[in-house]
Amino acid sequence: MRLYLFELEKIMKKPLHFAAVSGCAVFTIVLWWMYADQADYSMGEGAAAALLLLGVHGLFAALLAMLFTSPVFAEEYSCNMEGLLWTSVKGRKETAWCKAAAALTIALAVYISFLAADLIFVCCVWGAGNWYAGLGQPAAVWLDTTLTVTLGTATAAAVLTGGCSLLLIAGGAYCISAFSDTPFKAVSILGISYFAGGILFDWGDRAGIPLAARIFSFSPAVLSGFQMYKKPWEEQWFAGGYIPLVPVVTAAACIILFTLGLHRFGRGLV
């Protein structure tokens, strides 16, 4: 537990991370002010606003998680401190597992914080009753979409896919950091990979290659950005059991990524 808390402290105390959080906070306040200023307080508006905010804050959470978790191994490598880690009294395996737990905790904590803040904002502006009643409204009434599901179903799907995207980012950061000798290299590779997934999804969608769009729809950029309202792909999200497949693919990918990172750290950076 001590080692786990130490890893969390190392991630959270960096000035750069505080600056990034402050920037997101300022943008969020401006965004909230715009939503509140344009509100007409009709039934369902609060639920629709919360759903749209999920898309923006899914992207914010992903970017912050990449910045926070990518140096998990690379920072020690860049300072030539890997020898201390490998000869730790706790052992390599416990050190590696504590780093994995810290990466997962930070990634999910960032996302949950955004979710909680958005919910508090919506309840303060529209009221909890308005938000709850609006969850039963059809999504097509409030959003530019052809989806036939309710706002509540769409919100649940957005939270699920957003949470899975953060788990994938944590796994990717853990693996890439174990293979990188500097934090800059780790965050650069992770960032490029993140945005490449979204670009390749768009390419498959627009080029009429369903298989490519289907594969890259599981990428963190698509899941965190909440792409289910992008025509004509949006109808695929709730067809053929796609949404339940997201956590299955996420779990499999995370197992692979964390295992690769663990083995790489155990062998050392060469």
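The model is predicted, so local features need pLDDT of at least 70 and side-chain atom pairs count only at pLDDT 80 or more, while totals for chains, interfaces and linings use all residues. Residues are numbered from 1 along each chain as its sequence is written, and side-chain values use heavy atoms, with hydrogens and water left out.

Visitor: How many helices and strands does the secondary structure of the chain come to?
Guide: Helices (H or I, at least four residues) and strands (E, at least two) are DSSP runs, numbered from the N terminus. On that basis the chain comes to 13 helices and zero strands.

Visitor: Which residues in helix 2 are buried?
Guide: Helix 2 covers residues 15–37 and reaches 33 Å from its first C-alpha to its last, close to the 33 Å expected at 1.5 Å a residue, where the expected span is 1.5 Å times one less than the number of residues. The buried residues in helix 2 are His17, Cys24, Thr28, Leu31 and Trp32.

Visitor: At what angle do the axes of helix 3 and helix 9 cross?
Guide: Axes are lines fitted to C-alpha atoms, for helices over the stretch in contact, and angles run from 0 to 180 degrees between N-to-C directions. The axes of helix 3 (residues 45–69) and helix 9 come within 10 Å, and the angle at which they cross is roughly 5°.

Visitor: How are helix 4 and helix 9 oriented to each other, roughly parallel or roughly antiparallel?
Guide: Angles under 35 degrees count as roughly parallel, over 145 as roughly antiparallel, 65 to 115 as roughly perpendicular and the rest as oblique. The axes of helix 4 (residues 71–78) and helix 9 (residues 151–178) come within 7 Å and cross at roughly 20°. Helix 4 and helix 9 are therefore roughly parallel.

Visitor: Which residues of helix 9 does helix 4 meet?
Guide: Contact means heavy atoms within 4.5 Å. From helix 4, Pro71, Val72, Phe73, Ala74 and Tyr77 meet, in helix 9, Ala173, Tyr174, Ser177 and Ala178.

Visitor: Why does tyrosine 242 count as buried?
Guide: Tyrosine 242 lies in helix 13 (residues 242–267), and its C-alpha is 9.4 Å from that of arginine 214, 28 residues apart in sequence. Tyrosine 242 counts as buried because its relative accessibility is 2%.

Conventions: Buried < 20%, exposed > 50% of the residue type's maximum accessible area, 1.4 Å probe, protein only.
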